[in-house]
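Morning, everyone. I have one chain to walk through today. Have a look at it on the screen, then we go through it piece by piece.

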Amino acid sequence: WAQHEAGELAKASFGMEMLALVGAVYQVRAHIILCEKTEGRYRPSKLAASLRHNLQRTNNKLRAGAAAVTAIRHGVKVKAAAFDKDRRDSDPSLGDEEGDLNFEAAQQAFQESLPAFLASAWAWSKVDIDVTLSQVVAMVLNDLSVPWQIRIRRGQALQKLGEIFLEASGNAASVEDYTEHFEQAKQAGMS
């Protein structure tokens, strides 16, 4: 079942990256909570796993911030292309009204900037997915309505599911061609 689900997710836009992210979060969060339940809260293995996850989460947030700055810079370039100040300076008959926008230049600049915009969206999506899945895993593994043995088995199952997802992803941690993913998503939405 898990391999089938991983295969289906892999077919989606950003599927391989999603598998890698979800698999890693399942594994590390389940490991942290299982260590806490079986070994104790302040055991070195639990603290080390927790530190690794916090470092990864911080790294994801820093990358998302950097991607946002890059996207903002590209947005400024798109705006500059639309309002092409050099063209207006060379032709005084052009005013600053909306009708004088250079749509072709703006569209070209937008197409060139699209990968940066998509990279920023994906980077922030990774942060959101990590936080959300971590909370979900914590709720599932700390569910007091079931015996502790069931919670331990759930944790072991989540670790195994994370392992299957990571194997299916080939550890695809980064997206190189955002435009390709965008085109795939656009085609899927149109059909």
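**Confidence first**

pLDDT is the predictor's confidence in each residue, on a scale from 0 to 100. Over the chain, the mean pLDDT is 82, and 81% of residues reach 70 or more. Where pLDDT is low, the predicted coordinates should not be read in detail.

Ground rules, briefly. This is a predicted model, with local features needing pLDDT of at least 70 and side-chain atom pairs counting only at pLDDT 80 or more, while totals for chains, interfaces and linings use all residues. Residues are numbered from 1 along each chain as its sequence is written, and side-chain values use heavy atoms, leaving out hydrogens and water.

**Overall layout**

The chain has seven helices and zero strands. Along the sequence the pattern reads α-α-α-α-α-α-α. The elements are DSSP runs numbered from the N terminus: helices are H or I with at least four residues, strands are E with at least two.

How much is buried? Of the 191 residues, 37% count as buried. Buried means under 20% relative accessible area, exposed means over 50%, and partly exposed is in between, with a 1.4 Å probe and protein chains only.

Now contacts, meaning heavy atoms within 4.5 Å. Take the contacts between residues at least 6 apart in sequence: 73% of them join residues at least 24 apart.

**H5 against H6**

Two packed helices are described by the angle between their axes and the distance between the axes. Helix H5, residues 103-141, and helix H6, residues 148-169, pack at about 145°, and their axes are 9 Å apart. Axes here are lines fitted to C-alpha atoms, for helices over the stretch in contact, and angles run from 0 to 180 degrees between N-to-C directions.

Which residues make the contact? From H5, Val-137, Val-140 and Leu-141; from H6, Arg-151, Arg-154, Gly-155 and Leu-158. By class, that is four nonpolar, one polar and two charged. Ala, Val, Leu, Ile, Met, Phe, Trp, Tyr, Cys and Pro count as nonpolar, Asp, Glu, Lys and Arg as charged, and the others, Gly among them, as polar.

**The core**

The largest nonpolar core has 17 residues, and Tyr-26, Leu-158 and Phe-165 have the most contacts inside it. Such a core is a set of buried Ala, Val, Leu, Ile, Met, Phe, Trp, Tyr and Cys residues joined through side-chain atoms within 4.5 Å. Helices H1 (2-11), H2 (15-38), H5 and H6 each give two or more residues to this core. H2 gives the most, with seven.

Leu-158 turns up again. Beyond its neighbours within four places in sequence, Leu-158 touches Tyr-26, Gln-27, Ala-30, Val-137 and Leu-141.

**Aromatics**

There are three aromatic pairs. Rings of Phe, Tyr and Trp (its six-membered ring) pair if their centres lie within 6.5 Å; planes under 30 degrees apart are stacked, over 60 edge-to-face, and the rest tilted. One of the pairs is Phe-14 with Trp-122, stacked at 4.9 Å centre to centre with 20° between the planes. Phe-14 sits in the loop between H1 and H2 and Trp-122 in helix H5, so the pair ties together parts that are 108 residues apart in sequence. Both residues are buried.

Start with Val-25, in helix H2. Val-25 is buried, at 3% relative accessible area. From Val-25 to Val-131 is 9.1 Å, C-alpha to C-alpha, across 106 residues of sequence.

Next, Asn-60, in helix H3, residues 44-83. Is Asn-60 buried or exposed? Buried, at 4% relative accessibility. Leaving out neighbours within four places, the contacts of Asn-60 are Lys-126, Val-127 and Asp-130.

Third, Ala-123, in helix H5. Ala-123 is buried too, at 11%. Setting aside neighbours within four places, Ala-123 meets Arg-63, Ala-64 and Ala-67. The C-alpha atoms of Ala-123 and Arg-63 are separated by 6.7 Å, and the two residues are 60 apart along the chain.

Last, Gln-108, in helix H5. Gln-108 is partly exposed, at 46% relative accessibility. Gln-108 and Ala-82 are 26 residues apart in sequence and 9.7 Å apart in space, C-alpha to C-alpha.
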